[in-house]
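The exercises below are meant to be worked through with the sequence and the three-dimensional view side by side. Try each task before reading its solution.

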Amino acid sequence: MGKWSELGLSSRENATTSSSRIPTGKSFLQYYDEIHIPLSISICIFGAVSNVFNIIVLTRKRMRTPINILLTGLSIAQWLLATNYFLYLLLEYYRYQCIQILWSEAFTRYRFFNVNLNTVFHTIAFTTTIVVAVFRYCALKFPIQANRFIYKCQPAIAANVIIWIIIPIISLPLFFISEVKIVARDHVAYDLQCEMEGPLYDLSYQESPLLVSAVFWAFGIVFKLLPSLILSILLTALIRSLKSVERRRKNWKRTQGANICTNSERKAKRKLTTRPRTTRMLVIILLLCVMVELPMGILNLCVAIYGEEFGNRYYDPVGNLMEMLTLLYSS
């Protein structure tokens with residue numbers, strides 16, 4: 001069964017399998033596969049460094065705002081994703097240089113955990129992005145109420161903690177749909193154009209199609225498609241609220257806050273409606289997230305509906321490209 005891509009679930013074996021279904025003459029995706037590993041390694045290095053700087057800046061005392069606390073949690077998840085996937089890419093590269101120890105059971109078990117942890121870290125980052133959008137939308141749409149109840153550091157910290165507890169728990173089924181198996185030496189030798197002795201191990205999906213399909217249904221809808229649709233709605237609402245806030249800011253400056261009843265309300269209005277640059281930055285982040293995650297959600301859903309044939313024919317060829325786009329937006 002093909003290992004359909006989700007930050008490490010694709011493999012060179014799949015590229016070979018799927019390429020046999022593509023007409024002769026190299027396509028763009030086949031050309032891209034040749035540069036996927038070095039390009040992705042460069043993006044991972046950049047992403048790891050940039051997110052370290054993000055964490056350092058966002059955790060400074062004067063930077064501790066609810067949004068920045070959430071962005072710190074997001075940066076930690078993205079940093080873990082970049083470093084973990086970087087290790088995965090190095091391992092993949094040297095495995096296909098016919099280094100036999102990397103085909104051992106121990107290294108293959110490490111790949112098993114690495115691949116699934118990539119998905120967990122990515123899902124944590126995706127969920128945090130949605131929470132950031134909710135916090136910012138509430139701050140723009142209901143500034144006074146948000147300042148009193150949710151736009152505080154404590155709810156942001158609690159949201160980060162809950163995400164880091166809940167997402168790994170609900171991601172546990174991902175660890176049950178793949179396993180470490182011995183692969184035939186002649187098959188590996190054919191793919192790698194080299195010979196290796198002894199038992200060779202690789203990752204494979206469980207032989208239960210019902211289990212794999214159920215997880216892809218859950219992953220495609222609950223983890224990808226539904227959150228992407230929610231984020232799209234929030235993104236639209238955030239853009240509309242941003243325009244409304246800018247109009248209110250202009251009116252407030254003209255009236256010098258005459259319509260604000262109390263001093264605390266005046267401070268809340270000023271605090272929550274004078275940061276259009278922050279909101280614009282968040283809009284860009286959310287837009288990139290939707291552009292990457294929505295197609296992945298649709299692909300996962302199609303794999304669940306149409307099965308292995310769809311995964312091999314359509315999902316595998318674009319797997320590496322989608323992973324690179326995910327790493328790029330994460331960086």
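## Exercise 1: Aromatic rings

F112, F113 and F175 are linked into a cluster by ring pairs. The model is a predicted one, and every value below was computed from it.

Task: Find how the rings of F112 and F175 are arranged, and where in the chain the two residues lie.

Solution. Begin with the geometry: the ring centres of F112 and F175 are 6.1 Å apart and the planes stand at 70°. An angle over 60 degrees counts as edge-to-face, so the pair of F112 and F175 is edge-to-face. Next, locate the residues: F112 belongs to helix α4, whereas F175 sits in the loop between α6 and β1, and the pair, 63 residues apart, thus links distant parts of the chain.

Task: How many aromatic pairs does a search of the whole structure find, and what is the geometry of the pair formed by Y93 and Y94?

Solution. The search of the whole structure gives six aromatic pairs. One of them joins Y93 and Y94, with 5.0 Å from centre to centre and 85° between the planes, which is an edge-to-face arrangement.

## Exercise 2: The strands

Task: Describe how strand β2 is paired, and decide whether its two faces are covered or open.

Solution. First, place the strands: β1 covers residues 178–183 and runs antiparallel to β2, to which six bridges join it. As an example of the pairing, S178 has Y205 as its bridge partner in β2. Then consider the cover: β2 spans residues 200–205, and six of its six residues are buried. In a regular strand, side chains alternate between the two faces of the sheet. Sorting β2 by side gives L200, D202 and S204 on one face and Y201, L203 and Y205 on the other, and all of these are buried, so that both faces are covered.

Task: Is D202 buried or exposed, and which side chain does the side chain of D202 meet in a polar contact?

Solution. D202, which lies in strand β2, has a relative accessible area of 3%. Buried means under 20%, so D202 is buried. The side chain of D202 is joined to that of R111 by a polar contact of 2.9 Å.

## Exercise 3: The nonpolar cores

Task: Which residues of the largest nonpolar core touch the most other members, and which elements supply at least two residues each?

Solution. Within this core of 41 residues, I67, L70 and L71 touch the most other members. At least two residues come from each of α2 (28–58), α3 (66–95), α4 (105–141), α6 (153–170), β2 and α11 (308–330). The largest share, eleven residues, is supplied by α4. To see one member in detail, set aside the neighbours of I67 within four places in sequence: I67 is then in contact with V132, F135, R136, Y151 and L282. There is also a second, separate core of 16 residues, including V212, L299, V303 and A304.

## Exercise 4: The whole chain

Task: How many helices and strands does the protein chain have, and what percentage of its residues is buried?

Solution. The protein chain has eleven helices and two strands, following the pattern α-α-α-α-α-α-β-α-β-α-α-α-α along the sequence. Of its 331 residues, 48% are buried.

Conventions. Residues are numbered from 1 along each chain as its sequence is written. This is a predicted model: local features need pLDDT of at least 70, side-chain atom pairs count only at pLDDT 80 or more; totals for chains, interfaces and linings use all residues. Side-chain values use heavy atoms; hydrogens and water are left out. Buried means under 20% relative accessible area, exposed over 50%, partly exposed in between (1.4 Å probe, protein chains only). Helices (H or I, at least four residues) and strands (E, at least two) are DSSP runs, numbered from the N terminus. Two strands pair if DSSP finds at least two bridges between them. A nonpolar core is a set of buried Ala, Val, Leu, Ile, Met, Phe, Trp, Tyr and Cys residues joined through side-chain atoms within 4.5 Å. Contact means heavy atoms within 4.5 Å. A polar contact is a pair of N or O atoms within 3.5 Å; within protein, one must be able to donate a hydrogen and the other to accept it, and residues adjacent in sequence count only if both atoms are side-chain atoms. Rings of Phe, Tyr and Trp (its six-membered ring) pair if their centres lie within 6.5 Å; planes under 30 degrees apart count as stacked, over 60 as edge-to-face and the rest as tilted.
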